[in-house]
Amino acid sequence: MSMTTDEQNTINNPAMAYSPYNGPDARSQYYGSTYPQPTIQVQIPRLATNQVYYPNNGSCQGPAIHNYPAAEPPYIPQQQNYPAQAAPLPPTPTSVNANANTPTGLSVQSPAKANPPLNCQMLLLSLAEEYFAAAHGQGSMLALARREVEMEKYYKLIATGLGCLEAVLKNWRLEPHREAVVRLRYATILYEETENVMEAETALSKGILVCERHRLVDLKYNMQHLLARIMFTTNARAALKFLDGVIQDVEAYKHLRWIYAFRFLRVSLSLDLASHQDTVAALTHLKLIAGVSKNHGHHAIFATASTLEALTHLRHSSSLESIEQAQRALAAARSIQMDSLLARVPQLAALTYFVDLCCSLQNFDPAQATLKMQNMQAFLDPAIEDSHWTTDGRFSVPITQGDLPQASKLHADIVRTDLEGSLALELNWLPKEDIYALAYLLSGATVSYLNASDGRKGEKFLKEGIRMLGGKLYNNTLQVYLIFALCARTEWPAARFRLSQVKETLSDLGTHAPEPLALLSHYLQGVIHQGTGDLASALSIFQTSSLALPSATNLTPRSQVLLDLSILSALNTILILRPPTHPQHSLLAPLLSALSPLCLSNPSKSLQSAYYLILATTHPAGIVRTKQYLQSALQAAKQTANTQLTCITLNFMSAKFFKGVVGGQAEKSARASLSLAMKGGDRLWWSVADGVLGDTVFATTTLICGFCALLVCQHRKSSPPLSNILYLTQSSTTPSAI
């Protein structure tokens, strides 16, 4: 008998493996094409012997060809004459008709089909993926609950899956491509789920040798990409040096897609180090990516590199120069926004809106920031439902049209083909919920200056973002912004409650807590103590080394957030030390001298306004110098639409220059202060402004009454008692009780 087409294909392709699963497996991307169905090939050559063929790629039994004895023909008695009977039953499916050499009417029973041998190799690989899927299915709940029993079960599932992969690597001699894929998968799980860094590096080193020996280029680059990330966890500088060498090799072979992949990785690792040298290196690589992609017409890659360059400028510094460079990079990214490939990357457009809004926030332009916030919200509402927006935060940046080589299709972690068949670079960002939460955070920060007068819209934005994030670490960032908003309107109990939640999370993180978040919570603790009257506790917090001003001999660069926190702590310290009777009043003058260059060079207009206001209230100067300080403080506060600082400045001006003065200007200044205090929702300064206005009105009323009494006396041609005149004079200059 001749073999069927399936039989011939199976013999010609012995690399096909038996799968214990009935049907294609969704995890076949890790280990090759879809698993074939278990097949049994039967040949019956002239009824002599039956040969059954099984694929022998990793099977647990012996040779692929098994010989079975021919089936004995069934006994059929000689034909005799019988009475008429019913029609005989049709032959069974297992019988075959005789050929020309077989007597007429003789049938032969075919042998029973034997069970194929168990393919242990593919069984272990499939079981490993089943264990990983089961563990990852409960990973998000475990991260929130952190119950010991569930955590132990999770680790057991991961360890069992790793054991299956390790057994395959040790007990079978795999074909080169499959061995490389299994080693890459094994090293990936070790890197993501365990601390066995050395074992992961060993597996990748062996896999890279296999790829070089058999010219598996894409798998080799995948392994080198992962190896650089693993090395970065133990020795950052060695990882960057290794990555620079890989980039040189890739550029020599002109593999453009991997040039982009490795340079983007270099940028990401450099930004994690956060030093000035590494930030400059990251900007250099981004500009190189932009140059290469622009020359080859890869517009989506060019837009990505330009947007990340703008983000890096903002992260590096808050100076006007950095903001201008960021806006220039954004303009370059938006110059090609009409390209059709960019429509497939809504995440990139969202990042562009975020960075653009941050530029306005850093530039302290409230009107422009409000307009950009509205544009961002109008874009996100329909774009978040785009089919290209995945829930896990991964997105593809199209490079060009055309399919990838077969190796990249089988294991597409970094470079892959997207849904439209284009060559694409795979990147990781934030999930959908985190994108929305980030939009709420930026919206809350944008309208925070109008929080009290705009129905507390800023607090509503922040609370909605907190609700969406749940127990994630980013939740604490929104909590900190909300605490600032609560402190601005003297809601001390609510602020203290929110701060206790943040501190509980930070205590759970221990040494892994982000430094800016820890310092922000520490500073807010001092603000709450100062606002509730516990000045000793507040002063002890503001004078800690973590919030101290940088010394002139300390050349270590600090981030803008940490520098601003140290300036704010010094300003609060001055307010506490200002009374001459304070034991540490002697520290006031040196502190003011140290603050002068830091505040005047700071890009924040609100910080400059607060500094000028403190100079006017504490610095011993004449009336002219005090008026100049107050004028500078008032101008800076108006530029940033800071109603609280404007209210404080006007109240001090009324108390300093219009105390006991009767006139329209004094009453106008007092009423403006009260209006701003009511608009800002600050009950403390509301009562102060009310008292200043009461003093002014009382002085005016008293003077009017005294003048009327004098007129009456003159009309009667008599003089009022001297005691009444003295009383009216003293009352016009005595502040009323609050």
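This report walks through a predicted model, starting with the whole protein and then visiting a few local spots.

## The whole protein

The fold is built from 29 helices and eight strands. Of the 738 residues in the protein, 42% are buried. Among contacts between residues at least 6 apart in sequence, 61% join residues at least 24 apart. The protein exposes about 39200 Å², and carbon and sulfur atoms supply 56% of that area.

If you are thinking about cysteines, the count of disulfides in the structure is zero. As a reminder, a disulfide is a covalent bond between the sulfur atoms of two cysteines.

## A hairpin and the serine beside it

Let us turn to the strands. Strand β7 covers residues 415–417 and pairs with β8 in the antiparallel sense, over three bridges. Within this pairing, Thr417 stands opposite Leu423 of β8. The two strands form a hairpin with four residues between them. In that turn, Gly421 has a positive phi of about 85 degrees. Strand β8 spans residues 422–428 and is mostly covered, with six of its seven residues buried.

Which residues does Ser396 touch, beyond those up to four places away in sequence? They are Val345, Arg416, Asp418, Ala424, Leu425 and Glu426. Ser396 itself belongs to strand β6, residues 394–401. Ser396 counts as buried because its relative accessible area is 14%, under the 20% cut-off. The side chain of Ser396 makes a polar contact of 2.7 Å with the side chain of Arg416. A polar contact of 2.8 Å also joins the side chains of Ser396 and Glu426.

## Two helix residues under cover

Gly465 sits in helix α17, which runs over residues 457–469. Is Gly465 buried or exposed? With a relative accessible area of 0%, Gly465 is buried. Setting aside neighbours within four places in sequence, Gly465 is in contact with Ala437, Tyr440 and Leu478. The C-alpha atom of Gly465 is separated by 8.1 Å from that of Ala439, a residue 26 places away along the chain.

Glu179 is part of helix α5, residues 176–193. This glutamate counts as buried at 19% relative accessibility, and the cut-off for that label is under 20%. Apart from neighbours within four places in sequence, Glu179 has contacts with Leu169, Leu174 and Val210.

| Helix | Residues | Number of residues | First to last C-alpha | Expected span |
|---|---|---|---|---|
| α20 | 515–531 | 17 residues | 24 Å | 24 Å |
| α22 | 560–577 | 18 residues | 26 Å | 26 Å |

In α20, the reach from end to end is close to the expected value, and α22 also comes close to its own expected value. Helix α22 is mostly covered, as 13 of its 18 residues are buried.

What do the buried residues of α20 pack against? Their partners are α18, α19, α21 (535–542) and α22. The buried residues of α20 include the leucines Leu517, Leu519, Leu520 and Leu524. The polar side chains of Ser521, Gln525 and Gln530 belong to residues on that buried list too. Just after α20, Gly533 takes a positive phi of about 95 degrees.

Two loop residues deserve a look when you inspect the backbone. Thr490, in the loop between α18 (474–488) and α19 (492–509), has a positive phi of about 55 degrees although it is not a glycine. Arg215, in the loop between α6 (197–214) and α7 (217–234), has a phi near 60 degrees, a positive value in a residue other than glycine.

How is each of these residues covered: is Thr490 buried or exposed, and is Arg215 buried or exposed? Thr490 is buried, with a relative accessible area of 11%. Arg215 is exposed, with a relative accessible area of 75%, and the label exposed applies over 50%.

Technical notes: Residues numbered from 1 in each chain as written. Predicted model: local features only at pLDDT ≥ 70, side-chain atom pairs only at ≥ 80, totals over all residues. Heavy atoms only, no water. Buried < 20%, exposed > 50% of the residue type's maximum accessible area, 1.4 Å probe, protein only. Pairing = 2+ DSSP bridges. Contact = heavy atoms within 4.5 Å. Areas by Shrake-Rupley, 256 points an atom, 1.4 Å probe, with all protein chains shown as cover. Disulfide = S-S within 2.5 Å. Polar contact = N/O pair within 3.5 Å; in protein donor to acceptor, adjacent residues only side chain to side chain. Expected span 1.5 Å × (residues − 1).
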